[in-house]
Amino acid sequence: MAEDNCQCGESGFKKLAEYIRQFPDKKTALIKVLYEAQHIFGFLSKDVMLFVADKLDVPAAKISGVVSFYSYFTTTPKGRTQIKCCMGTACFVRGAEKIISRFEEKLNIKRGETGADLEYSLDSLRCVGACGLAPVVLVNDQVFGKLEAADVDTILANNQG
Amino acid sequence: MVSLKINGKSVEVPEGSTILDAAGKLGVHIPTLCRFDLHDINLHNQGASCRVCMVEVAGRRNLAPACATPVMEGMDVKTHTPKVINARRVVVELILSNHPKTCLTCPKNTNCELQALAAELSIGNIGFSGKTTQHKIDYSSPAYVRDMNKCVLCRRCETMCTQVQTVNALSGLNRGFTTTVGPAFNMPIAESTCVSCGQCVAICPTAALSEVNNVGKVWDAIRNPDKFVIVQTAPAVRAALGEAFGLPAGVPVTGKMAAALRMFGFDKVYDTDFAADLTIMEEASEFIHRLKHGGRLPILTSCCPGWVKFFEHQFSDMLDVPSTCKSPQQMFGAIAKTWLAKELKVDPAKMVVVSVMPCIAKKYEAGRAEMAPGGVPDVDIVLTTRELAKMIREAGINFAQLDDEGFDDPMGESTGAGVIFGASGGVLEAALRTAYEWITGKTLDKVDFMDLRGMSGIKEATIDVAGTPVSVAVASGLGNARQLLEAIRAGEKQYHVIEVMACPGGCIDGGGQPYHKGHVDVLLKRMEALYTEDKTKVLRKSHENPFIKKLYAEFLGEPHSELAHKLLHTSYVKRPRM
């Protein structure tokens, strides 16, 4: 079973199994379950996907297809702080590139990467729907808007506190 | 009915038909690529993903894909306006712009649907260039190669794997430019639930999926003077090989095939049908034993390696249900390297057993650990019908004009029962011919079990065996097998014997056969060829084969003897369902 060789702790799988139990129609619950699984584990490992496949009776190939299709899902561990810079049109023209470059410089990781210490991940995304605040950055679930490159330093300094 | 006009001609088709269906009725040709429809086996791939079949519909702003656009009353369709022709060309050029231009050395050369389409549209110049997809070629399977750089994303393979076979090994993966079709986590296919049935290979329009080519290995073995190289040919091969040389479907080419194999330089030319008769001896005995001693019923046939791996993955709680008999291919090898070697006074270590199969899963089967007792494989090299056709062409043999020759004795002799193994229902029919006589002690006069023949996915019959009704079922296509097995597991259905073949229609539709390109009538003709050959045989019951009798008298003793068990039976492995 998937539980035996997972590093994430058995409690995570128990929690996920509990969550799955509430769905009477297992086959249509896939996206919700994957969403919850990523919430629990931080990312979707092969073991987690096989666990979901088994519990929902959905082929692992299909789960793999869904997970690799949606950019929301990730199969690699992410940092404790996830920084997502909006690169949508409005943010882009208002200097998003400068913001993300500053993050790359300060964190010493490229966009799409996670630091070796698993402290930070840096990603770009397309339009969070807050164009009035452009350029926008999401730090975990918190939104920062109308940023300038110098604000990046403040955000990181505050995050460490 | 809906009436519409195509190129000014009126046509009436049932509601729900597509423009392509209506055009077909008028004999109007619209080129297609991704579309694949095998109505009889319930395969419908019309993802409209390739956009090759675009047509102009009056009043519609953009072009419509003919394969996926339902007809509407009064529709006015044009299939070759300048706009249509240009759009098709652009679409095909775009596909080709991301396709390797290695046609000359491609395994699908002259058999590729994309190549044919490019020729049909006279593509001389590809007006687009840029980045191309870079996928690692997957050589993990002993049965087939996956080169996704040649994939056109038609999804036929995925449709076959999930809808028809329910193997569910394949899925669309990733998105945008990196989109591909592959197993879970894009892992090596050999690690997935794939059973190597090869139905995906059979319908892939390009060489994204192609069988592992063992032709070179066979030539090397034949050229090696230290080796004694023998060949066996499966029943279904003779029913389809002629197609590769322009002979009409359904013309059996048994004699020409034997002649060609002898011309290659094989030391002996034998017939897997002999081993099919042997399989019946063991399988019918096993059935009667289970019947008389309250053993596990139903008994499931185990000739088909795709089916075997399927139940190992999907029904691993029922591993005691299938017969323990090896397949005819493997029985042949096991007997060749023991009894035959002794008969011919050949060192078994120098013997190379080559088999020609309609199937790519046989390549995988030959490599299974259970099939190499003491580390010596029963069968050394497996070719498909297509590879045999390639060898015949390489050798420059004018196949159609060859004179018929026979197989060598003793392992070339077979009964009609062995021949029909190649068609869905044939193994069961052969087993019944023998089991009936053994149980009743009477001669079976009517040897044709018509209810068990034909293309239907599931066939059922009840046979009166001396007052005992024996209920049997036949499934071909793994989706049908799943349906049957699930009903049995749930206790809804009860049978004594079930035959399962992974490929729809049985081995005549195997993944290693000449490409039928969606023509079910070809499959029916191949089936007919086998039943005709059965009918012309004097001996039509496996236990009447004189050389089978000799084999038991001189070597094996009796069915299920200790030696028979050691050589002719196997065991199964529990595999993850995933």
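I looked up burial in chain A and noted that buried residues (20 or more other C-beta atoms within 10 Å of a residue's own, with C-beta atoms placed from the backbone) make up 27% of its 161 residues. I kept in mind that this is a predicted model, in which local features need pLDDT of at least 70 and side-chain atom pairs count only at pLDDT 80 or more, while totals for chains, interfaces and linings use all residues. Residues are numbered from 1 along each chain as its sequence is written, and chains are lettered from A in the order in which they are written.

I then read off the secondary structure of chain A, which comes to seven helices and five strands, taken as DSSP runs (H or I over at least four residues for helices, E over at least two for strands, numbered from the N terminus).

Next I turned to a helix pair in chain A: the axes of α2 (residues 30–41) and α3 (residues 46–56) come within 11 Å and cross at roughly 145 degrees, the axes being lines fitted to C-alpha atoms over the stretch in contact and the angles running from 0 to 180 degrees between N-to-C directions. I listed the contact (C-beta atoms within 7 Å, placed from the backbone) as L30(A), V33(A), L34(A), A37(A) and F41(A) of α2(A) with V48(A), V52(A) and L56(A) of α3(A).

Finally I checked F310(B), which is found in helix α10 (residues 305–314) of chain B and counts as buried because 26 other C-beta atoms lie within 10 Å. Leaving aside neighbours within four places in sequence, F310(B) is in contact with V167(B), V195(B), L478(B), A481(B) and A502(B); I noted that V195(B) is 115 residues away in sequence, yet 5.9 Å from F310(B), C-alpha to C-alpha.

Terms used:
A residue is buried if 20 or more other C-beta atoms lie within 10 Å of its own, exposed if 12 or fewer, and partly exposed in between; C-beta atoms are placed from the backbone. Two residues are in contact if their C-beta atoms, placed from the backbone, lie within 7 Å.
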